[in-house]
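Reader: I have a protein model open and would like to learn how to read it. Could you walk me through some features, one at a time?

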Amino acid sequence: MTGQLLVATPTLKDPNFDRTVVLLVAHEQGGALGVVLNRATEVPVAEVLGNWGELAGDPAVLFEGGPVQPESAICLARTRPEVKRRVTGFHPVAGSLGTLDLSADPERLRDNVAGIRVFAGYSGWSAGQLEEEIAAGSWFVFDALPGDPFVERPDDLWAMVLRRQGDILAAVAHFPPDVSLN
């Protein structure tokens, strides 16, 4: 499922994942790892990572990638369409989207990268755990679009992804946060 989106169903009440959209950057026999795409902080990337802030898309802030190791950072990047060769430090996830090694010099990557997003922490699942959560109805699984990790209004991503599925899933986008208040 690497490169797929996990979209929290309205029944998932874990505060770490309520109404989140997670991009899976790895899914292997031993487990899965992803980053929450729609939890922006107010901390500018430049404040924490200097020149990397110049490559960050709008909003150029850190994102909460998940509850695991919030002191660590994962960088998602999208390569430019004209880049056909392997980019040093870039590890493909799906198509032009991949993770980027933050120990590299951002100036050397500027011509190859169309944008980055930096996540503090990540979301992780042990072997079989994610599959159990999907079977229990906690997550919808959808194909990601290349621009999903880089939307300018990340707070709208959960509803946006659901609406584009059409049919009954589009209606889920309007599900109230607390049904008991209806």
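Author: Gladly! Let's begin with a pair of charged side chains: arginine 164 forms a salt bridge with aspartate 148, and their closest N and O atoms are 2.6 Å apart. The two residues are 16 apart in the chain, with arginine 164 in the loop between helix 4 (157-163) and helix 5 (167-172) and aspartate 148 in the loop between strand 10 and helix 4. Helices (H or I, at least four residues) and strands (E, at least two) are DSSP runs, numbered from the N terminus.

Reader: Before we go on, what kind of model is this, and how are residues numbered?

Author: It is a predicted model, in which local features need pLDDT of at least 70 and side-chain atom pairs count only at pLDDT 80 or more, while totals for chains, interfaces and linings use all residues. Residues are numbered from 1 along each chain as its sequence is written, and side-chain values use heavy atoms, with hydrogens and water left out.

Reader: What counts as a salt bridge?

Author: Side chains of opposite charge can pair when their charged atoms come close. The rule here asks for a side-chain nitrogen of Lys or Arg within 4 Å of a carboxyl oxygen of Asp or Glu. Searching the whole structure gives four salt bridges.

Reader: Is aspartate 148 buried or exposed?

Author: Buried means under 20% relative accessible area, exposed means over 50%, and partly exposed lies in between (1.4 Å probe, protein chains only). Aspartate 148 has 3% relative accessibility, so it counts as buried.

Reader: Which residue forms a salt bridge with glutamate 54?

Author: That is arginine 110, with the closest N and O atoms 2.7 Å apart. This pair links distant parts of the chain, 56 residues apart: arginine 110 is in the loop between helix 2 (106-109) and strand 9 (113-126), and glutamate 54 is in the loop between helix 1 (45-49) and strand 5 (61-64). Glutamate 54 is exposed, with a relative accessible area of 52%, whereas arginine 110 is partly exposed at 24%. Salt bridges also link Glu54, Glu107 and Arg110 in a network.

Reader: Now for strands. How should I read the two sides of one?

Author: In a regular strand the side chains alternate between the two faces of the sheet. In strand 1, Gln4, Leu6 and Ala8 lie on one side and Leu5 and Val7 on the other, and all are buried. Five of the five residues of strand 1 are buried, so the strand is largely enclosed by the rest of the structure.

Reader: Which strand pairs with strand 1 over five bridges?

Author: Strand 10 does, in the antiparallel sense. Two strands pair if DSSP finds at least two bridges between them. Leucine 6 stands opposite valine 141 in strand 10. Strand 1 also runs antiparallel to strand 2, joined by three bridges, and here leucine 5 stands opposite leucine 23.

Reader: How many aromatic pairs are there?

Author: Rings of Phe, Tyr and Trp (its six-membered ring) pair if their centres lie within 6.5 Å; planes under 30 degrees apart count as stacked, over 60 as edge-to-face and the rest as tilted. By this rule there are five aromatic pairs. In one of them, the ring centres of phenylalanine 17 and tryptophan 139 are 5.5 Å apart and the planes meet at 75°, so the pair is edge-to-face. Phenylalanine 17 is in the loop between strand 1 (4-8) and strand 2 (21-28), and tryptophan 139 is in strand 10 (residues 139-143), 122 residues apart. Both phenylalanine 17 and tryptophan 139 are buried. Phe17, Trp125 and Trp139 form one aromatic cluster.

Reader: How many residues does the largest nonpolar core have?

Author: A nonpolar core is a set of buried Ala, Val, Leu, Ile, Met, Phe, Trp, Tyr and Cys residues joined through side-chain atoms within 4.5 Å. The largest has 36 residues, and those with the most contacts inside it are Val7, Leu37, Trp125, Trp139 and Trp158. Another core, of 15 residues, lies apart from it, with Val87, Leu109, Val113 and Val118 among them.
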